[in-house]
Amino acid sequence: MRLLPPGSFVWLVLHELRLSRRPAGKRSRWLMAIGGALVLGWIALGVWIGSLLAHVPIVPGAMGMAGAALGAILLFTFMTTQSILGSQRTLYEAGDLDLLFSAPIPPRTVMRAKLVGIAASVVLTFAIIVLPVALPLAWFGHPQLFGIPALLLALALTAACFGLAITLILARLAGPRAARTVGQIVAALSGGSVFVASQYFSNGSPRGQRGAMMEALFEKMVASGFGTHGVGALPGLAAFGDPFAVTALLAGSLLLFILTTRGLQSLFLSGYRAGGMKLSRPKSSNRSVARHFHNRLFGAVFAKEWRLMARDPALAFQVVLRLIYLAPLFFIIMRQGDDDHVLIAPSLAFSSVLIAGQIVSSLVWLAVSGEDTPDLIKVAPVRKNEIDTAKLSAALVMSAPLALLVPLGMAWTTSIPAALFTLAVTGVAGWMSGMIEVTFAKPAPRSTFRKRRGGGSFVRGIAQFAVTIFFGAIAAGGVWLLTTTFQLPHLPTHL
Amino acid sequence: MNSPALRLTQIHKSFDKPVITGLDLTVEAGQLYALLGPNGAGKTTTLRMAVGLTEPDQGSVEIYGIDAVRDSLAAKAITAWLPDEPMLYDKLTPSEYLGFVAGLWRIPPRDAAPEAERLLRWLELWDVRDTRCEGFSRGMKQKVALAGAMIHDPRLLILDEPLTGLDAAMARSVKDALRAAVDQGKTVIVTTHILEVAERLADRIGIIAGGKLLAEGTLAELRAHAGAEDDTLEDTFIRLTSAPAAIPA
């Protein structure tokens with residue numbers, strides 16, 4: 001960097017790259033070491049696979065082309081998602097645009113450097129996943145696969161342009177706050193939907209049909225000429241080293257990059273200016289302030305926690321999204337129903353405990369660890385256990401609508417005693433899970449919810465897992481006893 | 001005999017290195033006390049120990065005769081703390097924030113709501129009472145936090161750089177309010193880097209450096225202590241703390 005002229009485009013790009021490789025907050029040496037070991041292991045595996053397949057011919061048949069096109073679409077989706085988040089960080093969080101725009105550097109150079117920074121950050125993330133396998137394969141006898149890095153680069157640059165355009169258009173149409181919220185929800189949804197789809201294909205489909213469904217779908221795509229004709233063939237051809245396809249994709253993405261920086265410059269500048277302006281809409285009101293005051297501490301804490309959650313839709317969405325990661329369990333339960341209907345009600349009771357544990361622990365983390373002003377709570381004349389109890393109660397009340405879903409369903413389809421028993425155990429498990437979260441609470445910004453950084457996270461995770469399994473087993477066992485010993489009606493077979 | 005508003009006795013506090021070493025500080029009730037010191041002198045640590053945010057390694061903290069370590073809730077109930085970074089929730093409105101703070105101090109709504117309205121009107125926040133704080137300027141946030149500090153009518157107000165971010169008119173208004181609070185019998189302790197504020201406003205001034213109280217008294221007493229009776233507070237402060245760094249040519 002020292003050899004480059006300061007303030008030049010490449011100098012700025014390198015500056016962006018340096019920033020993108022430095023994560024916010026401290027990262028423990030252990031985690032760094034584990035991460036490094038995993039990457040090395042992945043590279044070693046790639047080298048082994050490469051040497052193993054050195055003499056196996058890899059030819060771009062219809063299946064290979066369709067696979068490459070499908071992979072490119074999936075990669076592009078993830079890359080665009082990342083680019084939307086990267087664009088939001090650039091516009092609203094990085095905080096360095098004031099400095100860059102006040103420097104004697106043309107705004108377009110700044111924007112180009114930022115866009116390359118976003119693309120580079122995206123391409124590096126996916127390069128770690130793809131290249132350790134692709135490059136050894138190319139090196140050990142399949143040089144045509146050297147087209148894969150070029151394909152990655154073109155996809156990342158295109159995705160960065162799309163991500164920035166989506167962010168800027170959203171900001172223009174709906175304002176910076178809505179742009180942030182919508183962007184985060186879109187990003188979470190795209191990740192979640194791919195996960196649910198993958199779980200459906202691996203667990204959800206009827207027994208014996210899992211592989212067949214995927215295969216049939218893929219064969220249908222191949223038969224329809226997916227990834228083998230016209231522009232759709234370019235990703236496949238590029239991945240298999242066709243020089244024309246590689247050149248066309250790189251040139252196309254470069255052209256898009258130039259058009260984006262030229263066409264969206266004014267939108268970028270207005271987006272940046274709007275980002276620095278007031279996020280909240282001034283509200284005129286004739287109402288008195290008395291409605292915001294409460295007689296009890298719980299009322300004040302609940303109102304505050306509820307408002308903070310309701311006014312952060314992206315965060316609330318992330319809490320609900322955590323339930324998506326329970327999808328494998330849901331699909332397994334549904335599949336159990338094919339074999340033994342007696343097990344459905346106990347399985348549902350178990351999943352009720354799991355759902356409650358997940359939601360309560362998320363909300364308690366936000367209320368206790370994600371407290372924005374811990375000092376205000378500490379200087380107040382309130383005992384810590386009082387405030388923790390109030391926050392835990394608020395989290396339980398907020399999670400009740402979702403935690404009630406399964407017991408209500410059971411009351412309707414199985415029996416009221418079984419539903420009541422499930423509800424009681426779910427409540428106790430939620431409380432216990434929340435207490436574990438309170439015990440290991442450590443201040444952290446609410447924005448880190450997804451990563452849930454904080455002390456004792458490993459022990460906390462183990463303790464919550466144990467509580468969930470223990471109470472889930474009690475719920476399942478109790479419901480099984482109720483439905484078999486006392487001959488209560490089972491779930492209808494069509495479920 | 002009346003207890004002092006704040007009494008710190010032989011306070012020691014270390015983090016990586018000693019920050020406060022054997023600090024004795026007494027602030028009598030009904031005074032406006034300015035605590036001055038260079039950056040890193042230990043002012044904020046001292047005040048954070050007074051309000052119970054940081055525990056001293058040694059020594060005792062008393063607020064109006066209440067042992068603030070043993071009976072912290074009683075001490076907190078009559079104390080307000082306003083740090084230099086406002087303790088706010090960006091997604092709450094000023095009136096919702098005051099509702100939450102009043103709930104923490106368990107002020108009945110019939111008392112808290114009118115007081116909130118008075119504070120919001122005085123601090124020129126009434127028109128934005130239902131607007132979220134996230135878009136507020138630094139000064140407006142500071143005003144919301146100030147309202148939060150005053151809503152429970154504390155006997156002891158401890159404010160760390162309270163005028164940061166306020167415009168001249170509002171800074172004047174806050175200074176008048178602090179003075180008025182003292183006239184009503186309350187005690188105010190402020191830290192500030194604006195020596196003119198301390199000079200004009202404070203009944204007594206304490207100068208702290210290297211974790212120790214170097215000098216304390218009225219402005220006249222400090223001048224006498226520094227041995228230069230015609231000095232400004234700035235001169236006295238620099239004389240007592242350290243020689244200023246030479247400005248490079």
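Ile207(B) lies opposite Ala215(B), a residue of strand E10(B). In this predicted model, the strands concerned are E9 (residues 204-209) and E10 (residues 212-217) of chain B, which pair in the antiparallel sense over five bridges. The hairpin formed by E9(B) and E10(B) leaves two residues between the strands, and Gly210(B) adopts a positive phi near 60 degrees there.

Both strands belong to an open sheet of six strands in chain B, whose order is E6-E7-E8-E3-E9-E10 and whose pairing is mixed. From one strand to the next, the twist averages 15 degrees. Parallel pairing is found between strand E3 (residues 32-36) and strand E8 (residues 187-191) of chain B, which are joined over four bridges; within this pair, Tyr33(B) has Ile189(B) in E8(B) as its bridge partner. Helix H8 (residues 219-226) of chain B packs on the sheet, where it touches E9 and E10 of chain B, and its direction makes about 120 degrees with that of E10(B).

For chain B the mean pLDDT is 87, with 96% of the residues reaching 70 or more. An exception in confidence is the stretch of residues 243-249 of chain B, over which the pLDDT is below 50 and which has one contact in the model beyond near neighbours in sequence. Where pLDDT is low, the predicted coordinates should not be read in detail.

Chain A contains 19 helices and zero strands. Of its 495 residues, 38% are buried, and among the contacts in chain A with a separation of 6 or more, 84% involve residues 24 or more positions apart. The pLDDT of chain A averages 80, and 83% of the residues score at least 70. Within this chain, confidence is highest in helix H9 (residues 243-263) of chain A, at a mean of 92, and lowest in helix H13 (residues 327-339) of chain A, at 65.

The contact between the chains draws on 32 residues from chain A and 36 residues from chain B. On the side of chain A that touches chain B, the elements giving two or more residues are helix H11 (297-310) and helix H15 (374-379) of chain A, with H11(A) supplying the largest share, eight residues. By class, this side of chain A comprises 15 nonpolar, seven polar and ten charged residues. For the complex, the predictor gives an ipTM of 0.85 and a pTM of 0.73.

Terms used
Residues are numbered from 1 along each chain as its sequence is written. Chains are lettered from A and ligands numbered from 1 in the order in which they are written. This is a predicted model: local features need pLDDT of at least 70, side-chain atom pairs count only at pLDDT 80 or more; totals for chains, interfaces and linings use all residues. A residue is buried if 20 or more other C-beta atoms lie within 10 Å of its own, exposed if 12 or fewer, and partly exposed in between; C-beta atoms are placed from the backbone. Two residues are in contact if their C-beta atoms, placed from the backbone, lie within 7 Å. pLDDT is the predictor's confidence in each residue, from 0 to 100. Two strands pair if DSSP finds at least two bridges between them. Ala, Val, Leu, Ile, Met, Phe, Trp, Tyr, Cys and Pro count as nonpolar, Asp, Glu, Lys and Arg as charged, and the others, Gly among them, as polar. Axes are lines fitted to C-alpha atoms, for helices over the stretch in contact, and angles run from 0 to 180 degrees between N-to-C directions.
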